[in-house]
Amino acid sequence: MTRPTDLVQGTLDLLILRTLAAERMHGWAIAQRIQILSKDVLQINQGSLYPALQRLERQGWIRAEWGTSETNRRARFYELTDDGRARLAAERADWERLSAAISLVMRTA
Amino acid sequence: MRIVRRAAALVRALFRNDRIEADLAEEMRFHMERDVEANVARGMAPDAAWREARRRFGSVEQAREQARDERPGALLREFWGDLRFGARLLRKAPLFGVAGMAIVALGVGAATAVFGVVYGVLLQPLPYREPERLVSIWLERASRQYPSAADAEALRRLRGTFADVALARSSNANLTLVGEGAPQRLQTARVSPNLFAVLGASPTLGRTFAAGEDAAGAAGVVMLSEAAWRGRFGADPAIVGRAVRLSGASYTVVGVMPARFQFPTAEVDAWIPAELEPGELARQANNNYRLVARLAPGVELDRARREADAVAAEIARLQGAAERGGFTVDSMLDDAVREVRPALRLLLGAVALLLLTACVNLAMLFGARAASRRAEFATRLALGASRRRLVTQAVAEAGPVLAAGGALGVLVAAWAVHALVAAAPAGLPRVESVELSAPVLLCALALLALAGVAASVAPAAQAWRSDFTSIAKDGGRGNTRRGGAARRVGAAAQFALALPLLAGAALLLQSALAVSRVDLGFRPEGVATFSFEVSRATHRTDEDVARYYARVVEAVRAVPGVSHAAIGNRAPLVGGQTNSVRFEGAAIPFDEPFDVDSRTVTPDYFAALGIPLLAGRTFGEQDDADAPVVGVIDERLARTMWPGQSPIGRRFQGPGERWGTVVGVVGHTRTAGVEVDPRPQLYWSTRQWTQNRAVLVVRTSGDPRALFAPVTAAVHGVDPEQSLFDVRTFTDVVGRSLAQRRVTTALMVGFGAIAMLLAAVGIYGVVAYGVAQRLREFGIRVALGATRRDVTRLVVGQGTRTALAGSAVGLALAFLTAGAAQGLVYGVAPRDLRSLLGAAAVLLLSAVLASWGPARRAASVDAAVTLRAE
């Protein structure tokens with residue numbers, strides 16, 4: 001995590017994993033959920049949401065299947081795999097360590 | 001687990017790409033529609049809701065592309081794109097593509113075909129159990145000979161060295177199958193019952209021989225080959241236990257051997273236990289068995305050789321012989337391919353050189369194309385493409401040419417292997433196992449990879465070195481000094497590689513010429529030969545056989561068109577029988593037995609074959625079993641034994657204590673092949689030494705082919721059950737003796753010609769490129785007063801100098817590798833200077849001719865036009 005882009009990219013992956021930890025949902029719902037939970041601070045650009053989903057799927061952390069949406073339409077639902085769950089735990093620990101360190105520096109320096 | 005899943009995802013991404021794209025499109029559409037719905041629910045007007053959703057989504061295309069890059073196999077897809085781009089480039093430059101494919105196909109195809117033959121014949125293990133522990137054993141005296149049954153017995157006693165020793169009498173046991181329609185020849189081998197156990201081969205049906213079935217008076221048993229079982233007995237599943245009549249005697253079929261079991265030769269139809277003559281085990285007689293043994297566990301070949309030598313020394317001591325030679329113990333595979341190995345090795349080396357020449361040529365071809373695209377690559381680099389990307393693309397673009405050339409090469413190889421097997425000389429061992437097997441195809445793939453490296457190295461290097469500023473300076477047409485030098489080195493290398501090939505071809509051509517001038521010692525034209533085997537069940541005594549021979553000869557002589565007919569135990573060129581004979585009052589003392597080639601013949605044999613009588617007389621009707629034994633010797637034996645004296649009336653002692661007197665001297669003939677001449681000859685009268693194996697030689701003034709049918713009919717008139725085999729004209733026999741040389745020579749000449757063509761094309765490319773680069777310079781030279789001849793000489797000289805440098809290296813290479821031709825050349829030294837220099841001269845001539853075209857173009861430069869073009 002040396003470059004800011006990595007941080008951003010890694011963060012999006014983490015947010016998606018975290019969102020999916022609660023329940024399986026489709027892409028739109030993931031974006032919606034992140035936006036609502038972050039009180040509209042984080043607006044996920046769909047142009048990066050779908051590549052991120054493909055990336056996570058390739059890593060084997062999430063899996064996708066077609067299902068029926070709340071509006072009774074065909075939608076692609078994502079859910080965490082066991083690997084994904086382990087990954088989430090690891091990334092979350094990392095994140096907490098990092099953000100705690102950053103806050104510490106910000107407060108004391 | 002994870003790897004499996006990843007692989008599955010990769011396969012899905014590569015092969016179901018359309019499906020994935022469609023899924024993604026649908027997913028994004030859903031996303032946007034869901035956004036619109038949410039916006040409407042929040043109270044937006046429908047078209048405003050759409051606009052807002054679109055704005056928020058951003059570029060659909062970009063999202064798609066980024067998603068694509070995140071999917072597995074992105075690099076592979078990129079590579080695939082480059083491959084397709086390469087294919088499109090080919091369509092624009094078809095000549096380049098065809099040339100590249102032809103070079104790849106020729107190089108890979110030829111090398112694969114030759115490797116296929118080499119693998120099938122030399123490398124593939126024999127189809128027996130633990131074949132690497134099997135050895136063949138020969139008797140080594142003045143030359144390699146078949147050992148005797150007593151030798152086998154002596155070696156068998158070396159329990160700790162050989163687990164067991166088996167013997168087989170290969171060639172002179174042809175029986176006649178009767179009672180199953182017309183008499184058919186069934187080629188049999190007489191073998192010791194333990195043969196199958198020694199080789200570790202089991203039957204497909206029934207059993208193999210049991211110990212004791214070779215004892216005198218044991219019931220006749222026979223084992224059939226799969227081919228005989230299918231061909232002659234309709235693959236009868238109940239064949240085991242069936243009685244068959246072979247040459248008048250009854251045999252019980254006990255088993256059928258699988259098709260891959262081909263011992264001692266592939267032609268054997270049936271095996272019969274070898275019944276030894278009384279006392280044969282006790283004395284060193286009947287040197288006519290092939291011995292095969294299995295090494296005892298843990299015994300190395302060297303130790304077996306030492307122990308066998310000790311046995312040989314012991315036998316010699318017991319016999320009191322001055323010199324009896326030793327045993328040759330060789331691995332069975334090495335022994336089986338002994339005669340063809342030098343030729344196959346030479347061809348393998350030759351085809352490797354050819355392949356290297358082709359690779360250099362390919363590298364130059366692709367290098368030249370890359371050079372013409374220097375500007376394009378530099379521009380792309382300047383526009384932001386990564387060097388890695390340029391290199392991958394350069395490599396990938398060679399893909400279509402390699403793929404098509406490789407596929408074509410495998411077709412070429414398949415065809416060539418087929419043609420080689422069809423043209424293979426009779427008796428090429430293991431030719432039936434030559435095919436494009438998995439290891440051979442793997443080799444083709446490896447060769448293709450080599451070609452791929454050759455094709456991509458120059459473009460890749462060029463892509464890596466791309467540099468916009470230098471291109472911008474010289475307008476993209478400049479020749480870097482390094483590129484020009486590399487091209488000249490490549491062209492020279494092709495000459496260096498082609499020269500040993502051409503020199504080899506020249507050596508073999510000279511050898512072929514020398515062989516065609518060999519004096520065979522007889523006149524093969526107008527002679528037909530028919531082999532047969534007498535049945536001792538119908539002709540019991542030697543007198544019966546001799547009388548039968550006389551009746552056959554008489555009947556055949558009565559056939560219209562026949563001028564001479566005779567019977568011998570063997571014809572010239574096909575090998576014979578070697579006996580130790582002692583000569584009285586000769587240059588070689590009586591107590592030193594001398595190996596001669598023995599032939600038993602009827603009186604007309606010499607006239608039928610056109611062997612000249614030099615002194616004394618040949619055999620007559622009076623030389624029968626009751627008369628004193630007489631012999632006719634050839635001039636070589638006469639010169640060896642009684643130099644400067646008349647051999648007529650001299651006495652000799654042959655095998656079985658036969659004493660005889662020399663009555664005549666005839667010309668020497670080649671006994672074992674056109675190119676070999678192992679030993680002098682001694683002829684015996686058939687009536688005084690009668691053998692079962694016979695060859696009928698018939699001379700006519702017309703076409704000997706026309707005699708095949710009437711002579712066969714005449715023989716059947718004497719004995720309707722007599723089968724005849726190897727019915728041939730003698731010119732055909734001579735041709736067979738030379739078949740291996742002919743095939744090897746033709747291949748070497750072909751390889752040499754292709755290599756020369758490639759080298760010429762290479763030099764043409766270099767010179768033509770150089771001329772194109774220097775047109776302006778030539779224009780200036782002409783403007784300053786240079787004549788056309790000056791310019792021509794300049795250009796041709798440059799091409800020739802490159803070729804000369806390459807040829808000099810090639811000469812050294814040819815000189816160093818000349819040892820490979822040892823044993824294949826005839827009548828010419830492997831380092832024959834004339835062949836080497838002749839090959840170099842031909843190559844240089846090709847270089848001059850190849851430079852001539854570009855030189856004329858340079859010479860026809862119009863100074864005004866060229867200079868104005870700047």
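Helices (H or I, at least four residues) and strands (E, at least two) are DSSP runs, numbered from the N terminus.

## The model

This is a predicted model, in which local features need pLDDT of at least 70, side-chain atom pairs count only at pLDDT 80 or more, and totals for chains, interfaces and linings use all residues. Residues are numbered from 1 along each chain as its sequence is written, while chains are lettered from A and ligands numbered from 1 in the order in which they are written.

## The sheet of chain A

Three strands of chain A form an open sheet in the order 1-3-2, with antiparallel pairing. Two strands pair if DSSP finds at least two bridges between them. Strand 1 (25–26) and strand 2 (62–68) of chain A are the edge strands, and each pairs on one side only. Strand 2 of chain A joins strand 3 (residues 74–80) of chain A through seven antiparallel bridges. There, A:Thr68 faces A:Arg74 of strand 3 of chain A.

A:Asn72 sits in the loop between strand 2 and strand 3 of chain A. Its phi is positive, about 65°, although A:Asn72 is not a glycine. Most residues other than glycine have a negative phi. A:Asn72 is exposed, with 7 other C-beta atoms within 10 Å. The burial classes rest on C-beta atoms placed from the backbone: 20 or more others within 10 Å means buried, 12 or fewer means exposed, and in between means partly exposed.

## Where chain A meets chain B

How many residues of chain A are in contact with chain B? There are 15, and they are in contact with 23 residues of chain B. Contact means that the C-beta atoms of two residues, placed from the backbone, lie within 7 Å.

Helix 2 (27–37), helix 3 (46–59) and strand 3 of chain A each supply at least two residues of the side that touches chain B. Helix 3 of chain A gives the most, with seven residues. By class, this side of chain A has four nonpolar, seven polar and four charged residues. Here Ala, Val, Leu, Ile, Met, Phe, Trp, Tyr, Cys and Pro count as nonpolar, Asp, Glu, Lys and Arg as charged, and the others, Gly among them, as polar.

## Two helix pairs in chain B

Helix 15 (residues 399–423) and helix 16 (residues 438–465) of chain B pack at about 145°, with axes 10 Å apart. Axes are lines fitted to C-alpha atoms, for helices over the stretch in contact, and angles run from 0 to 180 degrees between N-to-C directions. The crossing of helix 15 and helix 16 of chain B is right-handed. A crossing is right-handed if the near helix is turned clockwise from the far one by less than a right angle, and left-handed if anticlockwise. Helix 15 of chain B contributes residues including B:Gly406, B:Gly409 and B:Ala413, and helix 16 of chain B contributes residues including B:Ala451 and B:Gly452. The contact has eight nonpolar, three polar and no charged residues.

Helix 26 (residues 788–817) and helix 27 (residues 833–859) of chain B pack at about 155°, with axes 8 Å apart. Helix 26 and helix 27 of chain B are therefore roughly antiparallel to each other. Angles over 145 degrees count as roughly antiparallel, under 35 as roughly parallel, 65 to 115 as roughly perpendicular and the rest as oblique. This crossing of helix 26 and helix 27 of chain B is right-handed too. Their contact has 20 nonpolar, five polar and two charged residues.

## Covered strands in chain B

Strand 7 (residues 221–225) of chain B is mostly covered: five of its five residues are buried. B:Val221, B:Met223 and B:Ser225 point one way, while B:Val222 and B:Leu224 point the other way. Strand 7 of chain B runs parallel to strand 9 (residues 249–257) of chain B, with five bridges. B:Leu224 stands opposite B:Val256 there. Strand 7 of chain B also pairs with strand 10 (residues 270–273) of chain B, antiparallel over two bridges.

In strand 20 (residues 659–666) of chain B, six of the eight residues are buried. Strand 18 (residues 630–634) of chain B runs parallel to strand 20 of chain B, with five bridges. Strand 19 (residues 651–653) of chain B pairs with strand 20 of chain B in the antiparallel sense over three bridges.

## Two loop details in chain B

B:Phe263 and B:Pro264 are joined by a cis peptide bond, with omega about 0°. B:Pro264 lies in the loop between strand 9 and strand 10 of chain B.

B:Leu573 has a positive phi near 75°. B:Leu573 is in the loop between strand 14 (562–568) and strand 15 (577–583) of chain B. Buried or exposed? B:Leu573 counts as buried, with 23 C-beta neighbours inside 10 Å.
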